[in-house]
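Hi,

Here is the structure I promised to pass on. Have a look at it first, then read my notes below.

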Amino acid sequence: MRVLVTGGAGYIGSVVSARLLERGYDVTVLDNLTAGHRRAIPAGARFVHADLAEGAMLPHLLDEERVEAVMHFAANIKVGESMRMPMRYLGDNVRNALNLLDAVTTVGLKRFIFSSTAALFAPSDSPIGEGDTIEPASPYGESKLMIEQALRWLDATTGLRYAALRYFNAAGAWGNLGEDHRPESHLIPVVLKVALGENGKVGIFGDDYPTSDGTCVRDYIHVVDLADAHIACLGALEQGSRAYNLGNGRGFSVMEVVEVARRVTGHPIEAEVLPRRPGDSPWLVADSSRIREELGWSPQMPDLETIVATAWEWHRQHPRGYEE
Ligand SMILES: NC(=O)c1ccc[n+]([C@@H]2O[C@H](COP(=O)([O-])OP(=O)(O)OC[C@H]3O[C@@H](n4cnc5c(N)ncnc54)[C@H](O)[C@@H]3O)[C@@H](O)[C@H]2O)c1
């Protein structure tokens with residue numbers, strides 16, 4: 001089966017592509033390389049350098065490549081930026097996804113997997129399940145909800161079968177594939193860049209939250225576990241569409257991440273407490289029991305030390321990321 005992976009030159013899409021190839025799928029990566037890296041595209045994948053904004057070419061591409069399933073990762077991904085530039089999200093992200101869905105329904109494709117997000121949900125101080133209150137706090141979260149809603153209607157009206165996976169925080173590296181966002185805003189690579197000497201210290205935004213050590217708590221899921229959940233969903237799509245919350249199920253505070261990174265790297269990693277950032281929720285952890293029960297998926301690398309160690313290994317071997 002050939003799978004079209006949009007955003008397959010990016011962090012998560014590249015690992016999913018590699019994992020798909022390993023399992024015997026054929027992969028076509030579509031990416032405009034605005035945030036992705038040519039070197040991240042796994043050998044064995046066909047590459048189409050294109051922008052989803054150019055919707056007219058998509059039906060032809062799906063036909064020509066004989067695509068049987070689509071995994072859609074390509075998007076602008078910064079929550080904070082979406083507050084300043086909402087139309088990059090409510091406009092571009094939504095339009096691009098709809099271009100893709102337009103093409104998918106035009107050629108009659110029936111399998112679609114969508115990268116959704118924990119940012120759909122209202123803050124909660126207990127693990128967040130699929131039934132919890134949906135209340136996006138940013139244009140980024142809202143744009144993902146709009147696509148989930150479109151998918152629900154396409155399922156009902158055209159028979160498209162989809163999975164919407166609401167990721168919590170993807171982290172870690174796999175082989176020669178790792179996280180290289182520019183600028184980097186995700187905590188684990190930001191902390192590791194201090195150990196590499198690239199940044200002087202790491203900023204901790206608030207240490208007076210109602211959590212065990214006062215810093216925000218997040219759920220980190222290893223990117224390979226995330227990838228394997230996509231493959232499990234692909235195999236189950238024939239039985240019907242689904243939306244899953246996808247995380248480790250365990251929360252780790254910012255301070256815990258810094259301490260684990262100190263242990264893993266042997267570097268003192270200086271940290272500085274800064275004022276709280278508007279919009280940060282104190283606690284964001286997934287209840288992923290539904291995907292565990294229905295698909296038998298479970299994270300194979302749930303331990304924070306392992307997640308950080310794989311990321312550190314990649315950063316040590318690629319101190320300039322995907323640049324030469
Ligand atoms: N990283 C996380 O922790 C996280 C958490 C929740 C949800 N997500 C979602 O997962 C997906 C992948 O995230 P990531 O961290 O791998 O991001 P990324 O920025 O590394 O990858 C996105 C890729 O999409 C490509 N792209 C963007 N716009 C495009 C367009 N118009 N046409 C073609 N290609 C385009 C970029 O060049 C890049 O390679 C995104 O949809 C994101 O919203 C990520």
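Cys216 counts as buried because 23 other C-beta atoms lie within 10 Å (the cut-off for buried is 20 or more, exposed is 12 or fewer, partly exposed is in between, and C-beta atoms are placed from the backbone). You'll find Cys216 in the loop between strand 8 (202–205) and strand 9 (217–218); strands are DSSP runs of E with at least two residues, helices are runs of H or I with at least four, and both are numbered from the N terminus. Leaving out residues up to four places away in sequence, Cys216 touches Gly206, Tyr209, Thr211, Ser253, Val254, Asp280 and Pro282 (contact means C-beta atoms, placed from the backbone, within 7 Å).

By the way, this is a predicted model: local features need pLDDT of at least 70, side-chain atom pairs count only at pLDDT 80 or more, and totals for chains, interfaces and linings use all residues. Residues are numbered from 1 along each chain as its sequence is written.

Next, strand 6 (residues 161–167): seven of its seven residues are buried, so the rest of the structure largely encloses it. On one side sit Arg161, Ala163, Leu165 and Tyr167, and on the other Tyr162, Ala164 and Arg166. Why two sides? In a regular strand, side chains alternate between the two faces of the sheet. Strand 5 (residues 111–117) runs parallel to strand 6, joined to it by seven bridges (pairing takes at least two DSSP bridges). Ser116 stands opposite Arg166 there.

Enjoy exploring!

Terms used. Contact = placed C-beta atoms within 7 Å.
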